[in-house]
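Student: I'd like to learn how to read a few features of a protein model with you. Could we go through them one at a time?

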Amino acid sequence: MSLDFEVRAEKGVFIGLSSVNEAKRNMYEIALGAWSNTGSSIRQCSGADWSGDCKLTVKLSTPNILSGYDNNDRFWITFHNKTIAVGRHGNSTPFMAATYPSLMEINYVGVFTGFGSNGYWKFHTFCY
């Protein structure tokens, strides 16, 4: 299962992966260019909205991972074999991954930009 997308943003790109079509449920949250475009993370959130009870699984220093509004940045996300992996288009090796003892089924994707950043999204595939 995978997701392939492009985004233009200055900072704070967030992707939510969930088994249900509701923001107030269990989900995995992937952040790219968070902390003023200096870091990225994967968190597992339970029973609340995006700002609720989330446990940080992975946090990496990824300075300037987002190019801003002039360029599209293309990424992929895979989720299978108990692992969520994130990488750049054209590179088969993920730059960030998290493994969970029991990865929930992922049927829905939610996206937003935060912290004063606009986002322009283009989705190429969501394969199940």
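Tutor: Gladly! Let's begin with a charged pair: Arg43 and Glu29 form a salt bridge, and their closest N and O atoms are 2.7 Å apart. Arg43 belongs to strand 4 (residues 39-45) and Glu29 to strand 3 (residues 27-33), so the pair ties together parts 14 residues apart in sequence. Before we go on, note that this is a predicted model, where local features need pLDDT of at least 70 and side-chain atom pairs count only at pLDDT 80 or more, while totals for chains, interfaces and linings use all residues. Residues are numbered from 1 along each chain as its sequence is written, and side-chain values use heavy atoms, with hydrogens and water left out.

Student: What counts as a salt bridge, and how many does a search of the whole structure find?

Tutor: The general idea is that side chains of opposite charge can pair when their charged atoms come close. Here the criterion is a side-chain nitrogen of Lys or Arg within 4 Å of a carboxyl oxygen of Asp or Glu. Searching the whole structure gives three salt bridges. One of them joins the side chains of Arg74 and Asp4 at 2.6 Å, N to O. That pair links distant parts of the chain, with Arg74 in strand 6 (residues 68-80) and Asp4 in strand 1 (residues 2-9), 70 residues apart. Arg88 also forms a salt bridge with Asp73, with 3.9 Å between the closest N and O atoms. Arg88 lies in strand 7 (residues 83-88) and Asp73 in strand 6, so this pair ties together parts 15 residues apart in sequence.

Student: And how should I read strand numbers?

Tutor: Strands are DSSP runs (E, at least two residues), numbered from the N terminus.

Student: Is Glu29 buried or exposed?

Tutor: Buried means under 20% relative accessible area, exposed over 50%, and partly exposed in between (1.4 Å probe, protein chains only). Glu29 is buried because its relative accessible area is 4%, while Arg43 has 21% and is therefore partly exposed. In the other pairs, Asp4 is buried at 13% and Arg74 partly exposed at 23%; Asp73 is buried at 6% and Arg88 partly exposed at 32%.

Student: In what order do the five strands of the open sheet stand?

Tutor: Strands of a sheet pair through backbone hydrogen bonds, either parallel or antiparallel. Two strands count as paired if DSSP finds at least two bridges between them. In this model the order is 8-7-6-1-10, and the pairing is antiparallel. Strand 8 (96-99) and strand 10 are at the edges with a single partner strand each, so one side of each lacks a neighbour in the sheet. Within the sheet, strand 6 and strand 7 pair over six bridges, and Trp76 stands opposite Gly87 in strand 7.

Student: What does Ser41 touch?

Tutor: Contact means heavy atoms within 4.5 Å. Leaving out residues up to four places away in sequence, Ser41 touches several residues, among them Glu29, Trp35 and Met96. Ser41 lies in strand 4 and is buried, with a relative accessible area of 2%.

Technical notes
Helix = DSSP H or I, 4+ residues; strand = E, 2+ residues; numbered from the N terminus.
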